[in-house]
Amino acid sequence: MSQPKISIIILHLCEMDGLLECLSFLGGVSYGNFDVFVVQNGPEGYELKKRLPPFPGSLAEIIYTGKNLGFAAGNNIGIKRALQKGADYVLLLNDDTVVSPDFLDILVAEAEKDPLIGMLGPEVLCFRDRERVSFAGAKLDPVAGTFSFPRSGEFSTASGGTPPFESDYITGCALLVKKSLLDRIGLLDERFFLYWEDSDWGLRAKKAGFRCLVVPASRIWHKVSASSGGNDSPLKAYHKTRSHLLFAELHAPPAKKKLLLQAARDIVWLVFKSGAPGAFRRAAAYAAAVSDYLRGRGGAGPAWLSEK
């Protein structure tokens with residue numbers, strides 16, 4: 001019996017060392033029918049092809065967007081191309097990950113058991129603490145508009161034969177999705193420039209009657225990219241806030257007012273009480289996020305967010 005065709009989409013910005021390592025590990029994957037599409041998500045003039053060493057034939061194409069379109073729009077370009085090329089499944093994979101050789105065999109074998117299994121993900125482990133869980137499922141609190149991550153930070157139990165289990169979404173860091181699900185619910189929502197787009201996609205899948213599964217026997221390791229500038233950067237504060245408000249509007253309406261009030265409290269605290277370096281810029285980022293959400297503005301946000 002022939003194996004389903006898997007197309008792996010790797011969204012890349014500028015972390016060349018990480019991309020090279022990711023591709024190197026994909027070269028050792030045991031699954032027999034997959035190809036790789038690297039989406040160079042900006043900047044303009046960055047000639048990725050000239051920087052990559054020779055790679056096995058599974059590297060199907062490098063796609064240039066010309067500028068940073070964000071996570072959802074950038075991945076959607078790759079997904080569309082993969083479907084044009086006949087993909088049965090699409091796997092979104094971060095360029096700051098490394099994978100186990102059998103991770104794809106295990107995911108596909110589980111996916112083929114039930115046509116209503118629409119999204120699957122491996123157990124995501126921390127790159128620097130190899131047996132500690134980074135992501136292994138999530139549960140939505142629809143009142144608070146937040147997720148709990150029951151096994152995050154714990155040590156992996158995959159070696160003990162933990163069976164697959166349901167999750168409200170699968171992290172976009174490593175997300176396998178069936179073509180039949182894409183045909184039903186469509187692509188990632190491009191109103192989410194950064195953050196919360198995978199959560200939205202998973203809940204849309206479940207509302208359409210599909211299942212989202214974490215498969216612990218399948219394992220990858222995530223380095224956790226710093227491309228958004230670090231945990232306290234204005235860029236990250238802006239996009240997490242704006243996207244969270246949009247997510248709440250779509251999936252947890254009772255939480256929206258609470259989130260707006262929390263943003264207002266954060267702004268006041270940063271301006272009048274924090275005293276920390278960069279507090280005023282972070283306050284401005286929260287304010288811009290709320291303002292842009294209320295006015296329906298998407299995209300990359302104000303240019304000053306990326307300034308050092």
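This is a predicted model: local features need pLDDT of at least 70, side-chain atom pairs count only at pLDDT 80 or more; totals for chains, interfaces and linings use all residues.
At what angle do the axes of helix α8 and helix α9 cross?

1. **α8 against α9.** The answer is roughly 155°, with the axes of α8 (residues 256–274) and α9 (residues 279–294) coming within 8 Å. Angles over 145 degrees count as roughly antiparallel, so that is the label for α8 and α9. As for handedness, α8 passes α9 in a left-handed crossing.

2. **Who touches whom there.** On the α8 side you'll find Lys256, Leu260, Ala263, Asp266, Ile267, Leu270, Val271 and Ser274. They meet Ala279, Phe280, Arg282, Ala283, Tyr286, Ala287, Val290 and Tyr293 of α9. Sorted by class, this contact comes to 12 nonpolar residues, one polar and three charged.

3. **α7 against α9.** Helix α7 (residues 234–251) also packs on α9, this time at about 30° with the axes 8 Å apart. The pair is therefore roughly parallel, as angles under 35 degrees are counted that way. Here the crossing is right-handed.

4. **The α7–α9 contact list.** From α7 come Pro234, Ala237, Tyr238, Thr241, Arg242, Leu245, Leu246 and Glu249. Their partners in α9 are Arg281, Arg282, Ala285, Tyr286, Ala288, Ala289, Val290, Asp292 and Tyr293. The class count is 11 nonpolar, one polar and five charged. Have a look at Tyr286 while you're there: this α9 residue is on the list for α7 and also on the one for α8.

5. **α7 against α8.** His244, Leu245, Ala248 and Glu249 from α7 meet Lys256, Leu259 and Leu260 from α8. Four of the contact residues are nonpolar, one is polar and two are charged. Leu260 of α8 turns up here and in the contact with α9 as well.

6. **Ala284, on α9.** This residue sits in helix α9. Its relative accessibility is 32%, so Ala284 counts as partly exposed. If you want a distance to check, its C-alpha atom is 9.4 Å from that of Leu305, 21 residues away along the chain.

7. **α4 and its buried face.** Where do the buried residues of α4 fall when seen down its axis? The helix spans residues 103–111, and the buried ones are Phe103, Leu104, Leu107, Val108, Glu110 and Ala111. They fall within an arc of 160°, so they line one face of the helix. The background is simple enough: an α-helix has 3.6 residues a turn, so residues three or four places apart point the same way.

8. **α6, mostly covered.** Helix α6 (residues 197–207) has eight of its 11 residues buried. Those are Glu197, Asp198, Ser199, Asp200, Trp201, Gly202, Leu203 and Ala205. Just after α6 comes Gly209, with a positive phi of about 95°.

9. **Ser7, in a strand.** Ser7 belongs to strand β1 (residues 6–12). Its relative accessibility is 0%, so Ser7 is classed as buried. Leaving out residues up to four places away in sequence, Ser7 touches Asp35, Phe37, Ala82, Ala87, Tyr89, Val90 and Leu91.

Note on methods:
Residues are numbered from 1 along each chain as its sequence is written. Side-chain values use heavy atoms; hydrogens and water are left out. Axes are lines fitted to C-alpha atoms, for helices over the stretch in contact, and angles run from 0 to 180 degrees between N-to-C directions. Helices (H or I, at least four residues) and strands (E, at least two) are DSSP runs, numbered from the N terminus. Angles under 35 degrees count as roughly parallel, over 145 as roughly antiparallel, 65 to 115 as roughly perpendicular and the rest as oblique. A crossing is left-handed if the near helix is turned anticlockwise from the far one by less than a right angle, and right-handed if clockwise. Contact means heavy atoms within 4.5 Å. Ala, Val, Leu, Ile, Met, Phe, Trp, Tyr, Cys and Pro count as nonpolar, Asp, Glu, Lys and Arg as charged, and the others, Gly among them, as polar. Buried means under 20% relative accessible area, exposed over 50%, partly exposed in between (1.4 Å probe, protein chains only). The arc is that of the directions from the helix axis to the C-beta atoms.
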